[in-house]
Amino acid sequence: MDFFPHRHLLGIKGLSEQDITLLLDRADEAVKISRQREKKTSTLRGLTQINLFFEASTRTQSSFELAGKRLGADVMNMSVSNSSVKKGETLIDTAMTLNAMHPDVLVVRHSSAGAAALLAQKVSCSVVNAGDGQHEHPTQALLDALTIRRAKGKLSRIIVAICGDVLHSRCPLQHPAVEPDGRPRPCRCSCNPAALRYRRHGRRGLSLDGRRLEGC
């Protein structure tokens with residue numbers, strides 16, 4: 001398979017091993033191109049990409065903007081501070097207004113879980129989830145997977161330690177889904193004692209004395 005079979009990219013769990021491998025292979029090619037003197041391609045020439053950010057994220061928005069431009073797309077950035085949302089316009093109202101402009105790709109970041117999926121039901125273009133609250137951030141998970149694959153040469157049977165405030169992070173919920181063999185062995189460490197109590201069953205972490213690592 002040499003094409004991505006899904007219209008939207010809303011999360012990781014709905015992707016097959018082949019889907020993930022295809023995306024990582026394409027990303028690997030993009031890495032090589034980004035290191036060349038001539039970085040711009042014509043892959044998305046003639047297409048319009050709108051970055052709709054209801055939640056500020058300089059790194060994520062700039063990454064999508066640069067990626068779109070390097071692929072040849074016409075890119076428009078729209079932040080909530082500059083939109084009619086501040087005047088009471090709803091998420092759907094904004095989406096329908098943008099949809100009337102006939103964009104080809106809508107990159108969405110929102111503080112509410114499920115916002116990207118809701119927009120995908122209302123617009124006629126492709127939707128990419130750039131982070132929706134504590135729910136999903138598929139492109140971040142894929143980027144992490146690419147980094148691991150480039151360092152280790154594989155993804156299967158890799159032990160991943162995620163350090164930080166994992167209670168409020170999307171990472172612990174996504175990385176198991178990236179494991180291609182369906183048998184992930186992630187270890188999650190937290191420096192925040194409160195974050196040792198996970199929202200979902202099966203989430204374990206580093207003991208408070210730092211000597212015991214569970215969940216491997």
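Guide: Among contacts in the protein (heavy atoms within 4.5 Å) between residues at least 6 apart in sequence, 62% join residues at least 24 apart. This is a predicted model, in which local features need pLDDT of at least 70 and side-chain atom pairs count only at pLDDT 80 or more, while totals for chains, interfaces and linings use all residues. Residues are numbered from 1 along each chain as its sequence is written, and side-chain values use heavy atoms, with hydrogens and water left out.

The protein has six helices and six strands. Both are DSSP runs numbered from the N terminus: helices are H or I with at least four residues, strands E with at least two. From the N terminus on, the order is α-β-α-β-α-β-α-β-α-β-α-β. Of the 216 residues, 38% count as buried; buried means under 20% relative accessible area, exposed over 50%, and partly exposed in between, with a 1.4 Å probe and protein chains only.

Now the sheet. Four strands form an open sheet in the order β2-β1-β3-β4, with parallel pairing. β2 and β4 (126-132) stand at the edges with a single partner strand each, so one side of each has no neighbour in the sheet. From one strand to the next, the twist averages 15 degrees. Two strands pair if DSSP finds at least two bridges between them. Strands of a sheet pair through backbone hydrogen bonds, either parallel or antiparallel.

β1 and β2 run parallel and are joined by six bridges, and in β2 the bridge partner of Asn51 is Asn77. Five bridges join β1 to β3, again in parallel. On that side, Asn51 stands opposite Val107 of β3, and Leu52 stands opposite Val108. β1 is mostly covered, as five of its six residues are buried.

Next, the helix that links β1 and β2. Together with these two strands, helix α2 (residues 58-70) makes a right-handed β-α-β unit. Right-handed means that, with the strands pointing away from the viewer, the path from the first strand over the helix to the second runs clockwise. α2 packs on the sheet and touches β1, β2, β3 and β4. The direction of α2 makes about 180 degrees with that of β1; axes are lines fitted to C-alpha atoms, for helices over the stretch in contact, and angles run from 0 to 180 degrees between N-to-C directions. Thr60 is found in α2 and is buried, with a relative accessible area of 13%. Leaving out residues up to four places away in sequence, Thr60 touches Phe53, Arg109, Ala130 and His137.

Another helix, α3 (residues 91-99), has Leu91, Thr94, Ala95, Leu98 and Asn99 as its buried residues. Seen down the axis of α3, these fall within an arc of 135 degrees, so they line one face of the helix; the arc is that of the directions from the helix axis to the C-beta atoms. Their cover includes β1 (48-53), β2 (74-79), β3 (105-110) and α4 (115-122).
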